[in-house]
Amino acid sequence: MLIISPTVIYGMDMSNTIIGRTEEQLELKDIFNSKRAEFVAIYGRRRVGKTYLVKTYFQQSKCLYFHVIGLQKGTMRQQLEIFTEALSETFYDGIAMKTLDSWKEAFQRLTAAIQKLGSDKKVVLFLDELPWLAVPRSGLLQALEYFWNKIWVDLSNVKLFICGSTASWIIKKIINNKGGLHNRVTRQIILRPFLLSDTKAYLQDMGCKFNNEQILEIYMAIGGIPFYLNNIKKNLSATQNINNLCFRPASLLFNEFEKLFKSLFKHADAYIELIRLIAEKYYGVSRRDLEVKCKLSEKGGTLTERLKDLEDAGFILSFLPIDHVVRGVYYKVIDEFSLFYLTWIEQEENTLLKIQSKSDFWKLKHNSPAWNCWSGYAFEAVCYKHVNLIGKALGIPDSSRALPWKFAPEKGSNEQGAQIDLLFDREDESITLCEIKYTAQAFSINKEYAQKLLRKKKVFVKQHKTKKQIFMAMITANGLKENLYADDLIDGVVTLDNLFQ
């Protein structure tokens, strides 16, 4: 995953330069050069840079670029007004036009304008925030279905892009459409938040010369969302930046969480309640436990749909534990900002709304027991997102399955429980058990911790009943201190620098 620059849509200074996003740019190039009409669905979390990627790439290409972006909570009339204005500006030199009365009429006028250009002129149609454009009972999807199937699919110079931050809507209504749009999407592009290396390059492009530790602290708090990162100040430390962005009543991210969910989900409160339940357990929550806690009936698939919506939007991750036959599916929150908000900002909202926050609030929390607990779990979440780089650093085959593991004995049992932060179940008859530790200095394994590691290994082998070779590795922010325990127990070490590769 690579990076893109900020976009004018977010009120930023657009440089018309795409930094990174190499794979996505190659895909856009292939789409542009293809000799057939293309119907492309692009989706991802809000403010991840979808619009900027498409807009910047094609505005620099030799084509006619038509872009219309939906208005959140706009009426059908307002959406058609926006469409009419875009049609006028793109095809008719901005001449005033009467607002079109229906999406059928709108696409008729668009088709006529395209056909007038001739087949040699490439035309990129970008229907941005389609879920907002498609007001209920507006007939937009029916009109889109008709014009794509009857006309546009035969125009090899037409490249249609539909986009939306509500990933679940795009998947349900377009990609998995069971009507006239079934199997019509020719390509899908999922735009994900930056990884650490992306974030570093992005901040460097902004003139921020932070070291890896500073970048990690920022990342653990707000994640790899370009809109958030664009507000980082180069003359402030990570701690100061986080304080300014998150812990002042008028700051950018103080009320962002609720706004974010309301922009993505119709019943935002239900989704917030669900993600809060999942976030209570950093290791993850089983589907069974969620069914009990949510008190939702499986009839109608309400819980199932909401979990899938959250996962499609990039907030949570579902995984099958290594002993999944017994335990079933688990869910974890992987969105850094959501975890940070639920752990810190939400706890301070009532206080901060009543009094002006102290400028050193986040600094005062550093190295407190609560901060140490949060930073450890936050670092684990970062490691899960960089699992491919961890596997690469350890020389583990790409085909390996990576996931956490936990055994909790039944009440009254004499058995010992154990938790493995991350393991790689490999196809070379081996399993690598990984301990994840976030410390300011190189982590040191003492006698007590060595016994703890041996006990975890013993419990895992017993409960999993495996005969595979067991390796042990440490993933630490600042390396592992060499001593007899480390030499005897640890087969591989991954540091923060490996996560920035």
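A nonpolar core is a set of buried Ala, Val, Leu, Ile, Met, Phe, Trp, Tyr and Cys residues joined through side-chain atoms within 4.5 Å, where buried means under 20% relative accessible area, with a 1.4 Å probe and protein chains only. The model is predicted, so that local features need pLDDT of at least 70 and side-chain atom pairs count only at pLDDT 80 or more, while totals for chains, interfaces and linings use all residues. Residues are numbered from 1 along each chain as its sequence is written, and side-chain values use heavy atoms, leaving out hydrogens and water.

**View 1. The largest nonpolar core and a second, separate one.** The largest nonpolar core has 80 residues, of which Ile-222, Phe-261, Phe-315 and Phe-340 touch the most other members.

**View 2. The aromatic pair of Phe-261 and Phe-315.** The structure holds 38 aromatic pairs, a pair being rings of Phe, Tyr and Trp (its six-membered ring) with centres within 6.5 Å, called stacked if the planes are under 30 degrees apart, edge-to-face if over 60 and tilted otherwise. The ring centres of Phe-261 and Phe-315 lie 4.8 Å apart with planes at 35°, so this pair is tilted. Both Phe-261 and Phe-315 are buried.

**View 3. The aromatic pair of Trp-344 and Trp-374.** This edge-to-face pair has 6.4 Å from centre to centre and 80° between the planes. Because Trp-344 lies in helix 17 (residues 336-354) and Trp-374 in helix 19 (residues 369-385), the pair ties together parts that are 30 residues apart in sequence, helices being DSSP runs (H or I, at least four residues) numbered from the N terminus. Trp-344 and Trp-374 are buried.

How values were computed
Buried means under 20% relative accessible area, exposed over 50%, partly exposed in between (1.4 Å probe, protein chains only). Helices (H or I, at least four residues) and strands (E, at least two) are DSSP runs, numbered from the N terminus.
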